[in-house]
Amino acid sequence: MRPSSKRVLVVAAALAVALVVTILLRLPVPSDQDQILAQLESARAAGERHDVRGIMQVISADYHGNTSFDSNVDELHYFLSRVVGREGRVMVTLSPPSVQVHGDTADSVSQVTVRPREGGPALYDKPVALHWKKEDGTRWLVFPTKVWRVVGADYSAPGGGDEGGGLL
């Protein structure tokens with residue numbers, strides 16, 4: 001390939017990349033409520049797949065719970081690792097959540113139901129309130145943006161207790 005052809009190819013590639021970046025940056029950013037709803041769906045789907053890592057992507061490093069098993073993000077991760085994989089195949093459903101945005105914080109409330117895939121009584125069927133905060137993140141793994149993550153929760157503990165402060 002001739003040097004002039006290489007230069008033309010490099011310039012064309014650079015222009016194509018610049019065009020793609022410009023188009024991506026101009027795409028509308030979903031509303032705060034839509035972003036939170038997408039995070040909830042991501043966590044629900046991850047729970048159904050027993051994907052603790054997928055659930056933890058929605059959890060803030062600043063997470064603080066109020067129970068002995070989820071007082072910080074590390075304990076929550078340990079708790080989810082033990083519980084999410086323990087029950088076998090489950091189906092996780094959420095009622096349509098109520099989301100209230102207050103600037104860079106938000107709250108959502110939804111009825112969470114966890115059932116064995118093969119049927120039977122619900123393993124968990126109670127309301128869960130999540131507390132959200134906007135944090136630094138990336139859009140399309142490259143562009144800096146703000147993302148919503150869970151910083152706390154209020155719920156009745158699995159097994160019938162009334163402890164609050166963590167995720168299912």
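**Notes on the predicted model**

1. Strand 2 and strand 3 make a hairpin with 2 residues between them, and glycine 103 in the turn has a positive phi of about 75°. The model is a predicted one. The two strands run antiparallel and are joined by 5 bridges. Valine 99 has serine 108 in strand 3 as its bridge partner.

2. The largest nonpolar core has 30 residues; those touching the most other members are Ile36, Ile59, Tyr63, Leu80, Leu130, Trp132 and Val150. At least two residues of this core come from each of helix 2, helix 3, helix 4, strand 1, strand 3, strand 4 and strand 5. Helix 4 gives the largest share, 5 residues.

3. The model has 7 salt bridges. One of them pairs aspartate 32 with lysine 134, with the closest N and O atoms 3.1 Å apart. This pair links distant parts of the chain, since aspartate 32 lies in helix 2 and lysine 134 in strand 4, 102 residues apart. Aspartate 32 is partly exposed, with a relative accessible area of 23%; lysine 134 is also partly exposed, at 23%.

4. Lysine 133 and aspartate 62 form another salt bridge, at 2.8 Å from N to O. Here lysine 133 sits in strand 4 and aspartate 62 in the loop between helix 3 and helix 4, 71 residues apart. Lysine 133 counts as partly exposed at 27% relative accessibility, and aspartate 62 is partly exposed with a relative accessible area of 41%.

5. Glutamate 135 forms a salt bridge with arginine 149, the closest N and O atoms being 3.2 Å apart. The pair joins strand 4, which holds glutamate 135, to strand 5, which holds arginine 149, across 14 residues of sequence. Glutamate 135 counts as buried because its relative accessibility is 13%, and buried means under 20%. Through shared partners, salt bridges connect Asp62, Lys133, Glu135 and Arg149 in one network.

6. Is aspartate 136 buried or exposed? Aspartate 136, in strand 4, is exposed because its relative accessible area is 59%, and the cut-off for exposed is over 50%. Beyond its neighbours within four places in sequence, aspartate 136 is in contact with Thr145, Lys146, Val147 and Arg149. The side chains of aspartate 136 and lysine 146 are joined by a polar contact of 2.7 Å. Between aspartate 136 and tryptophan 148 the C-alpha to C-alpha distance is 8.8 Å, with 12 residues separating them in sequence.

Key
Residues numbered from 1 in each chain as written. Predicted model: local features only at pLDDT ≥ 70, side-chain atom pairs only at ≥ 80, totals over all residues. Heavy atoms only, no water. Helix = DSSP H or I, 4+ residues; strand = E, 2+ residues; numbered from the N terminus. Buried < 20%, exposed > 50% of the residue type's maximum accessible area, 1.4 Å probe, protein only. Contact = heavy atoms within 4.5 Å. Polar contact = N/O pair within 3.5 Å; in protein donor to acceptor, adjacent residues only side chain to side chain. Core = buried A, V, L, I, M, F, W, Y, C linked by side-chain atoms within 4.5 Å. Pairing = 2+ DSSP bridges. Salt bridge = Lys/Arg side-chain N within 4 Å of Asp/Glu carboxyl O.
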